[in-house]
Amino acid sequence: MATTIALITGANKGIGFETARQLGARGATVLAGARDEARGKQAEQALREALGEAGGAEARFVPLDVTDATSVREAADWIGREYGYLDILVNNAGIALGGGPPSQTDLDALREVYETNVLGVIIVTNAMLPLLRRAPAARIVNVSSEVGSITSMTDPGGPLGQMPASLAYPSSKSALNMVTALYAKELRDTPVKVNAANPGYTATDLNHHSGFRSVAEGAEASVHLATLGPDGPSGILYGHLWTADAYGPLPW
(Lines give C-alpha, C1' and ligand atoms only; values in the text may rest on other atoms or scores of the structure.)
Protein backbone atom coordinates (compact mmCIF):
# COMPACT_ATOMS: atom_id res chain seq x y z
CA MET A 1 0.00 0.00 0.00
CA ALA A 2 1.33 3.44 -0.92
CA THR A 3 2.31 5.79 1.90
CA THR A 4 0.07 8.79 2.55
CA ILE A 5 2.03 11.99 1.88
CA ALA A 6 0.85 15.11 3.73
CA LEU A 7 2.14 18.68 3.36
CA ILE A 8 1.33 21.14 6.13
CA THR A 9 2.30 24.79 5.65
CA GLY A 10 3.38 26.80 8.68
CA ALA A 11 4.16 23.53 10.45
CA ASN A 12 7.03 24.70 12.63
CA LYS A 13 4.79 25.59 15.60
CA GLY A 14 1.29 25.79 17.00
CA ILE A 15 -1.64 24.18 15.23
CA GLY A 16 0.45 23.43 12.14
CA PHE A 17 3.01 21.44 14.11
CA GLU A 18 0.29 19.59 16.01
CA THR A 19 -1.57 18.82 12.78
CA ALA A 20 1.62 17.30 11.39
CA ARG A 21 2.13 15.30 14.56
CA GLN A 22 -1.41 13.93 14.56
CA LEU A 23 -1.30 13.01 10.87
CA GLY A 24 2.09 11.37 11.36
CA ALA A 25 0.72 9.38 14.28
CA ARG A 26 -1.87 8.05 11.86
CA GLY A 27 0.88 6.76 9.59
CA ALA A 28 1.29 9.62 7.11
CA THR A 29 4.67 10.88 5.95
CA VAL A 30 4.46 14.51 7.03
CA LEU A 31 6.20 17.29 5.14
CA ALA A 32 6.56 20.24 7.49
CA GLY A 33 6.53 23.42 5.44
CA ALA A 34 8.20 26.44 7.03
CA ARG A 35 9.87 29.57 5.69
CA ASP A 36 12.49 29.75 8.45
CA GLU A 37 15.08 27.02 7.93
CA ALA A 38 16.28 26.83 11.53
CA ARG A 39 12.75 26.58 12.93
CA GLY A 40 11.78 24.14 10.20
CA LYS A 41 14.64 21.80 11.03
CA GLN A 42 13.84 22.05 14.72
CA ALA A 43 10.25 21.09 13.94
CA GLU A 44 11.44 18.17 11.80
CA GLN A 45 13.57 16.85 14.66
CA ALA A 46 10.77 17.32 17.19
CA LEU A 47 8.30 15.55 14.92
CA ARG A 48 10.69 12.67 14.31
CA GLU A 49 11.18 12.24 18.03
CA ALA A 50 7.44 12.38 18.72
CA LEU A 51 6.54 10.06 15.86
CA GLY A 52 9.34 7.67 16.67
CA GLU A 53 8.02 7.31 20.18
CA ALA A 54 4.53 6.74 18.82
CA GLY A 55 5.65 4.38 16.05
CA GLY A 56 4.54 6.85 13.40
CA ALA A 57 5.87 7.56 9.93
CA GLU A 58 8.53 9.89 8.56
CA ALA A 59 8.73 13.66 9.04
CA ARG A 60 10.70 16.00 6.77
CA PHE A 61 11.19 19.75 6.67
CA VAL A 62 10.32 21.47 3.39
CA PRO A 63 11.51 25.06 2.83
CA LEU A 64 8.33 26.90 1.89
CA ASP A 65 7.37 30.58 1.95
CA VAL A 66 3.73 30.69 0.87
CA THR A 67 4.07 34.30 -0.31
CA ASP A 68 6.97 33.47 -2.66
CA ALA A 69 5.91 31.74 -5.89
CA THR A 70 9.48 30.58 -6.57
CA SER A 71 9.76 28.99 -3.12
CA VAL A 72 6.41 27.25 -3.60
CA ARG A 73 7.33 25.96 -7.06
CA GLU A 74 10.64 24.60 -5.76
CA ALA A 75 8.79 22.82 -2.95
CA ALA A 76 6.31 21.29 -5.41
CA ASP A 77 9.14 20.17 -7.70
CA TRP A 78 10.95 18.57 -4.75
CA ILE A 79 7.84 16.71 -3.60
CA GLY A 80 7.29 15.52 -7.16
CA ARG A 81 10.83 14.16 -7.40
CA GLU A 82 10.81 12.57 -3.96
CA TYR A 83 7.30 11.13 -3.86
CA GLY A 84 5.54 11.71 -7.17
CA TYR A 85 2.21 12.61 -5.60
CA LEU A 86 0.56 14.33 -2.63
CA ASP A 87 -2.43 12.98 -0.70
CA ILE A 88 -3.05 15.80 1.77
CA LEU A 89 -2.46 19.53 1.63
CA VAL A 90 -3.18 21.52 4.78
CA ASN A 91 -2.93 25.24 4.09
CA ASN A 92 -2.26 26.19 7.69
CA ALA A 93 0.15 29.15 7.44
CA GLY A 94 -1.50 32.38 8.52
CA ILE A 95 -0.80 35.70 10.17
CA ALA A 96 -2.78 38.34 12.04
CA LEU A 97 -1.72 41.98 11.85
CA GLY A 98 -3.38 45.32 12.41
CA GLY A 99 -5.92 46.29 14.99
CA GLY A 100 -8.61 48.79 15.81
CA PRO A 101 -11.97 49.34 14.15
CA PRO A 102 -12.40 49.00 10.37
CA SER A 103 -12.32 52.79 9.95
CA GLN A 104 -8.75 52.78 11.28
CA THR A 105 -7.47 49.91 9.13
CA ASP A 106 -3.77 49.99 8.29
CA LEU A 107 -3.75 49.19 4.56
CA ASP A 108 -0.16 47.95 4.61
CA ALA A 109 -1.05 45.47 7.33
CA LEU A 110 -4.19 44.47 5.43
CA ARG A 111 -2.17 43.75 2.28
CA GLU A 112 0.36 41.68 4.22
CA VAL A 113 -2.36 39.61 5.85
CA TYR A 114 -4.02 38.93 2.51
CA GLU A 115 -0.68 37.99 0.92
CA THR A 116 -0.34 35.12 3.38
CA ASN A 117 -3.88 34.15 4.34
CA VAL A 118 -5.49 34.34 0.90
CA LEU A 119 -3.01 34.69 -1.95
CA GLY A 120 -0.56 32.31 -0.30
CA VAL A 121 -3.22 29.61 -0.17
CA ILE A 122 -3.97 30.07 -3.86
CA ILE A 123 -0.28 29.99 -4.82
CA VAL A 124 0.35 26.81 -2.85
CA THR A 125 -2.84 25.05 -3.94
CA ASN A 126 -2.25 25.75 -7.62
CA ALA A 127 1.34 24.55 -7.41
CA MET A 128 0.44 21.36 -5.55
CA LEU A 129 -2.73 20.51 -7.47
CA PRO A 130 -1.00 18.42 -10.17
CA LEU A 131 0.53 16.29 -7.40
CA LEU A 132 -2.82 16.06 -5.58
CA ARG A 133 -4.51 14.89 -8.77
CA ARG A 134 -2.03 12.00 -8.95
CA ALA A 135 -3.21 10.68 -5.58
CA PRO A 136 -6.18 8.28 -5.47
CA ALA A 137 -8.34 10.65 -3.41
CA ALA A 138 -6.60 13.78 -2.21
CA ARG A 139 -7.77 16.16 0.51
CA ILE A 140 -7.20 19.92 0.70
CA VAL A 141 -7.81 21.63 4.04
CA ASN A 142 -7.71 25.40 4.36
CA VAL A 143 -7.37 26.51 7.96
CA SER A 144 -9.97 29.23 8.38
CA SER A 145 -11.70 30.62 11.46
CA GLU A 146 -15.16 31.23 12.84
CA VAL A 147 -14.35 34.94 12.63
CA GLY A 148 -14.51 34.48 8.85
CA SER A 149 -18.15 33.44 9.12
CA ILE A 150 -20.27 36.48 8.27
CA THR A 151 -23.23 34.82 9.94
CA SER A 152 -21.37 34.29 13.22
CA MET A 153 -19.78 37.74 13.21
CA THR A 154 -23.08 39.53 12.68
CA ASP A 155 -25.21 37.50 15.11
CA PRO A 156 -25.92 39.88 18.02
CA GLY A 157 -26.85 36.94 20.21
CA GLY A 158 -23.63 35.03 19.61
CA PRO A 159 -20.23 35.47 21.26
CA LEU A 160 -18.52 36.83 18.14
CA GLY A 161 -21.32 39.23 17.29
CA GLN A 162 -20.77 41.02 20.59
CA MET A 163 -17.01 41.44 20.22
CA PRO A 164 -15.22 44.32 18.52
CA ALA A 165 -13.08 43.16 15.62
CA SER A 166 -10.44 44.59 13.33
CA LEU A 167 -10.86 44.21 9.59
CA ALA A 168 -7.77 42.45 8.26
CA TYR A 169 -7.80 38.97 9.79
CA PRO A 170 -11.56 38.25 9.81
CA SER A 171 -12.05 39.48 6.25
CA SER A 172 -9.07 37.43 5.07
CA LYS A 173 -10.72 34.32 6.48
CA SER A 174 -14.03 35.25 4.82
CA ALA A 175 -12.14 35.50 1.54
CA LEU A 176 -10.48 32.16 2.26
CA ASN A 177 -13.90 30.58 2.79
CA MET A 178 -14.93 31.67 -0.70
CA VAL A 179 -11.63 30.41 -2.11
CA THR A 180 -12.39 27.05 -0.49
CA ALA A 181 -15.91 26.92 -1.89
CA LEU A 182 -14.77 27.71 -5.42
CA TYR A 183 -11.97 25.12 -5.45
CA ALA A 184 -14.48 22.57 -4.17
CA LYS A 185 -16.82 23.58 -6.98
CA GLU A 186 -14.09 23.19 -9.61
CA LEU A 187 -13.07 19.78 -8.24
CA ARG A 188 -16.49 18.40 -7.34
CA ASP A 189 -16.41 15.77 -10.12
CA THR A 190 -13.01 14.49 -8.98
CA PRO A 191 -11.91 12.46 -5.94
CA VAL A 192 -10.32 15.61 -4.46
CA LYS A 193 -12.22 17.08 -1.50
CA VAL A 194 -11.68 20.70 -0.44
CA ASN A 195 -12.86 22.02 2.92
CA ALA A 196 -12.16 24.79 5.43
CA ALA A 197 -11.35 24.02 9.07
CA ASN A 198 -12.24 26.10 12.10
CA PRO A 199 -9.84 25.25 14.95
CA GLY A 200 -11.82 27.30 17.46
CA TYR A 201 -10.30 29.82 19.84
CA THR A 202 -6.98 28.03 20.31
CA ALA A 203 -4.06 29.29 22.40
CA THR A 204 -1.31 30.12 19.89
CA ASP A 205 1.21 32.85 19.16
CA LEU A 206 -1.39 34.35 16.82
CA ASN A 207 -3.57 35.45 19.76
CA HIS A 208 -0.79 35.72 22.38
CA HIS A 209 -2.02 32.41 23.83
CA SER A 210 -5.32 33.89 24.96
CA GLY A 211 -7.44 31.07 23.48
CA PHE A 212 -9.22 28.56 25.68
CA ARG A 213 -8.51 25.52 23.46
CA SER A 214 -5.26 23.55 23.32
CA VAL A 215 -3.30 23.10 20.08
CA ALA A 216 -4.17 19.40 20.22
CA GLU A 217 -7.85 20.36 20.16
CA GLY A 218 -7.22 23.06 17.57
CA ALA A 219 -5.68 20.56 15.14
CA GLU A 220 -8.57 18.11 15.36
CA ALA A 221 -10.76 19.75 12.71
CA SER A 222 -7.93 19.85 10.16
CA VAL A 223 -7.00 16.23 10.81
CA HIS A 224 -10.64 15.16 10.52
CA LEU A 225 -11.04 16.89 7.15
CA ALA A 226 -7.65 15.65 5.92
CA THR A 227 -8.68 12.04 6.54
CA LEU A 228 -12.25 12.09 5.25
CA GLY A 229 -13.53 8.94 3.63
CA PRO A 230 -15.03 8.80 0.13
CA ASP A 231 -18.49 9.71 1.44
CA GLY A 232 -17.25 12.81 3.27
CA PRO A 233 -18.35 16.32 2.34
CA SER A 234 -16.57 18.85 0.17
CA GLY A 235 -16.99 22.61 0.16
CA ILE A 236 -17.90 23.19 3.81
CA LEU A 237 -16.55 25.09 6.81
CA TYR A 238 -16.23 22.55 9.60
CA GLY A 239 -14.86 22.67 13.11
CA HIS A 240 -15.43 23.79 16.66
CA LEU A 241 -18.81 25.36 17.38
CA TRP A 242 -18.26 27.90 20.15
CA THR A 243 -21.89 28.11 21.27
CA ALA A 244 -22.33 24.32 21.42
CA ASP A 245 -18.79 23.31 22.45
CA ALA A 246 -18.98 20.61 19.82
CA TYR A 247 -17.89 19.92 16.24
CA GLY A 248 -19.89 20.36 13.09
CA PRO A 249 -20.46 22.48 9.97
CA LEU A 250 -20.46 26.25 10.43
CA PRO A 251 -22.32 28.85 8.38
CA TRP A 252 -20.25 30.67 5.79
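Helices here are DSSP runs of H or I with at least four residues, strands are E runs of at least two, and both are numbered from the N terminus. The model is predicted, so local features need pLDDT of at least 70 and side-chain atom pairs pLDDT 80 or more, while totals for chains, interfaces and linings use all residues. Residues are numbered from 1 along each chain as its sequence is written, and side-chain values use heavy atoms, without hydrogens or water.

Start just after helix 3. There, G84 has a positive phi of about 85 degrees.

Now the helix. Helix 3 covers residues 69-82, 14 residues in total. From first C-alpha to last it reaches 20 Å, close to the 20 Å expected at 1.5 Å a residue. That expected span is 1.5 Å times one less than the number of residues.

At its start, look at D68. A side-chain oxygen of D68 comes to within 2.9 Å of the backbone nitrogen of T70. For polar contacts, the cut-off is N or O atoms within 3.5 Å; within protein, one must be able to donate a hydrogen and the other to accept it, and residues adjacent in sequence count only if both atoms are side-chain atoms.

Which residues of helix 3 are buried? They are S71, V72, A75, A76, W78 and I79. They sit on the same side of helix 3, because they cover an arc of only 160 degrees around the axis. The arc is taken from the directions from the helix axis to the C-beta atoms. Buried means under 20% relative accessible area, exposed over 50%, partly exposed in between, with a 1.4 Å probe and protein chains only. On the other side, A69, E74 and R81 are exposed.

What do the buried residues pack against? Strand 1 (5-8), strand 2 (29-34), strand 3 (59-63) and helix 4 (107-134). Contact means heavy atoms within 4.5 Å.

Next, rings. The structure holds 2 aromatic pairs. Ring centres must lie within 6.5 Å, using the six-membered ring for Trp alongside Phe and Tyr; planes under 30 degrees apart are stacked, over 60 edge-to-face, the rest tilted. W78 and Y83 are edge-to-face, 6.1 Å centre to centre, with 80 degrees between planes. Both W78 and Y83 are buried. Y238 and Y247 are stacked, because their planes are at 20 degrees, with centres 6.4 Å apart. Y238 counts as buried, at 14% relative accessibility. Y247 is partly exposed, at 33%.

Last, strand 1. I5 and L7 point one way, A6 and I8 the other, and all are buried.
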